[in-house]
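Please look over the model below before reading on. The points that follow are meant to be checked against it.

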Amino acid sequence: MPTSKKKPVLWTISGSDCSGGAGIAADIKTGFSLAVEVCTLITANTVQNSQQVLSINPVNIDVLQQQVDALLPDKPPNVIKIGQVANSYQLNWLSLTLIKLKQQVADLTVIYDPVGQASVGGYLSSLTRAELLSLLTLVDIITPNLQEARTLTGLSSQASEQALATAICQLGAKACIIKGGHSQKHTCDDYCLDTGFHYIPQATEHSISYRLSSHRYHTSHSHGGGCSFASALGAFISQGYLLRDAFTLTKAFINQGLSVYQGEESYYGAFEQQGWPREAEYFPKVIPDAETKLTAPFASLGTGRQDDKKLGLYPVIDSLAWLERLLPLGLEIIQLRIKNTDPATLEQIIIDAVKLARSYNTRLFINDHWQLAIKHGAYGVHLGQEDLHSANLAQIQESGLRLGISTHGCYEFLRAQQLKPSYLAIGAIFATQTKDMTGQIQGLDNLSRLLALATDIPVVAIGGINLERAAKVWQTGVDSMAVVTAITLAAEPEQAVNRFRQLMAG
Ligand SMILES: Cc1ncc(COP(=O)(O)OP(=O)(O)O)c(N)n1
Ligand SMILES: Cc1ncsc1CCOP(=O)(O)O
Ligand SMILES: [Mg+2]
């Protein structure tokens with residue numbers, strides 16, 4: 001997340017809609033609404049109203065080039081959003097310009113919303129499919145609706161979103177979001193395939209996908225919703241969000257805007273940009289992947305978010321010696337997080353730890369080693385996102401163990417909520433030396449925003465929390481703070497524990 005007051009910069013290379021709904025107008029309103037600066041490179045001065053497109057009027061590429069030259073040294077883009085490209089002169093110019101800009105601007109993201117047909121009827125571009133395809137190798141994320149995806153791929157209406165997105169990524173885009181707003185379904189489902197934008201392909205997996213579903217809003221105030229989707233996505237990406245979170249936030253932003261005027265009427269109004277989406281009701285449901293098996297809720301910790309009693313301090317330690325030292329202080333909860341120990345030693349430590357924690361009546365969570373946690377009757381097990389793939393959640397649930405799950409951002413938070421764990425952890429709040437959390441630092445603002453999405457499941461904050469920062473974290477209303485080095489590397493660990501607890505009691 002940015003710390004300076006300078007806002008991220010989004011360039012929109014799109015047409016002007018004189019009726020104020022779509023194109024440049026939508027991008028400016030979206031950028032203003034989401035705190036990014038928007039620079040406008042207008043490709044066409046269209047004449048249109050809510051009924052039809054009357055003329056296109058492309059802008060000369062000399063003017064567009066002058067705008068690039070003027071803006072580049074002054075307001076270089078973090079994200080470029082491309083909408084209407086009116087003719088082949090513009091397309092050729094754009095391809096050459098993007099190649100140069102990608103060399104000159106570090107971490108530039110290019111988003112393309114392939115508008116061909118206007119929602120009010122009529123065509124916005126004279127480009128052929130073959131010409132449009134030449135742009136795709138320069139595009140990071142493309143955001144077609146179902147019809148646009150079919151036009152780009154030549155696939156039939158029977159092709160799944162997955163098949164459409166795969167075909168589009170094979171044409172060159174790194175990631176593709178297929179918007180389901182125009183489908184016949186009673187829900188509005190969007191599908192995102194990432195083949196290498198924020199996802200580093202591993203030897204066994206070549207892509208990752210996300211599927212989000214929302215209630216369908218019936219409104220006539222949706223003109224420019226598609227343009228706003230792409231510019232909102234750009235706004236969130238420019239603010240440092242990973243694609244999965246930017247996608248989720250964008251869908252919430254669109255739902256929030258569509259919810260303003262309900263009901264269908266003859267008047268076709270502009271989409272309403274309503275600012276940063278904060279309320280849970282606008283956030284989509286994450287559709288779990290095929291491997292995720294939902295179970296009954298996990299046993300509770302006996303204290304939910306709605307309860308007055310909070311969990312308090314959650315020390316995370318890596319040895320029996322630390323347990324022996326900290327348990328006499330009378331903790332509510334503690335975690336044993338052991339990495340790289342031989343299996344026999346590990347099992348004996350877990351046996352001893354369970355016994356010791358029971359004698360102090362402290363809830364002991366075992367990190368990672370869920371089979372041993374079940375076998376030796378620990379209070380609970382903590383699993384990260386990768387651990388979830390290999391763990392048998394049904395077995396943990398049936399054994400009566402509590403489950404804590406790590407999450408990093410709104411997509412994982414909403415997905416993990418569906419597993420109904422005993423608590424959810426959010427991290428890393430700050431930079432930490434304990435674990436590599438590159439690209440996953442949440443900050444306090446994001447922590448507060450995630451807490452607004454919380455249900456009754458208690459929420460634990462973790463990562464870089466020390467005594468100086470703890471008060472601000474605690475003020476967000478989180479139920480517990482998990483701490484490693486602020487205790488284990490403290491000159492006087494018992495004193496550090498007590499100071500944390502005083503702060504949390506106040
Ligand atoms: C309370 C709490 N939150 C997060 C973690 C991290 O779990 P995970 O992502 O699986 O990483 P490792 O700890 O296994 O390295 C945690 N342990 N506890
Ligand atoms: C295990 C873990 N998961 C997210 S951040 C983190 C490390 C927290 O350690 P510290 O409290 O020393 O920053
Ligand atoms: Mg783990």
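**Notes on the model**

1. The shell around ligand 1 has five nonpolar, seven polar and four charged residues. Here Ala, Val, Leu, Ile, Met, Phe, Trp, Tyr, Cys and Pro count as nonpolar, Asp, Glu, Lys and Arg as charged, and the others, Gly among them, as polar. Ligand 1 is surrounded by 16 residues, with G384, S406, A425, I462 and A482 closest. Strands β15 (402-407), β16 (423-427) and β17 (459-462) each give two or more residues to this shell. A residue is near a molecule if its C-beta atom, placed from the backbone, lies within 6 Å of it. Helices (H or I, at least four residues) and strands (E, at least two) are DSSP runs, numbered from the N terminus.

2. This is a predicted model: local features need pLDDT of at least 70, side-chain atom pairs count only at pLDDT 80 or more, and totals for chains, interfaces and linings use all residues. Residues are numbered from 1 along each chain as its sequence is written, while chains are lettered from A and ligands numbered from 1 in the order in which they are written.

3. Ligand 2 has 14 residues around it; T432, T434, G463, V484 and T485 come nearest. Its shell divides into seven nonpolar, six polar and one charged.

4. The chain splits into domain 1 (9-286) and domain 2 (312-505); these bounds come from an automatic or database domain assignment. Their C-alpha centres lie 39 Å apart. Eleven residues from domain 1 and ten residues from domain 2 make the contact (C-beta atoms, placed from the backbone, within 7 Å). On the domain 1 side, helix α8 (residues 243-258) gives the most, with four residues. That side has six nonpolar, one polar and four charged residues.

5. The largest nonpolar core has 141 residues. Such a core is a set of buried Ala, Val, Leu, Ile, Met, Phe, Trp, Tyr and Cys residues joined through C-beta atoms within 7 Å. Domain 1 (9-286) and domain 2 (312-505) each supply at least three residues to it. Among those with the most contacts inside the core are C176, L364 and V483. Beyond four places in sequence, C176 contacts I142, A165, I168, C169 and L193.

6. Is C188 buried or exposed? C188 counts as buried because it has 21 C-beta neighbours inside 10 Å. The cut-offs are 20 or more other C-beta atoms within 10 Å for buried, 12 or fewer for exposed, and partly exposed in between, with C-beta atoms placed from the backbone. C188 sits in strand β8 (residues 187-194).

Conventions
Two residues are in contact if their C-beta atoms, placed from the backbone, lie within 7 Å.
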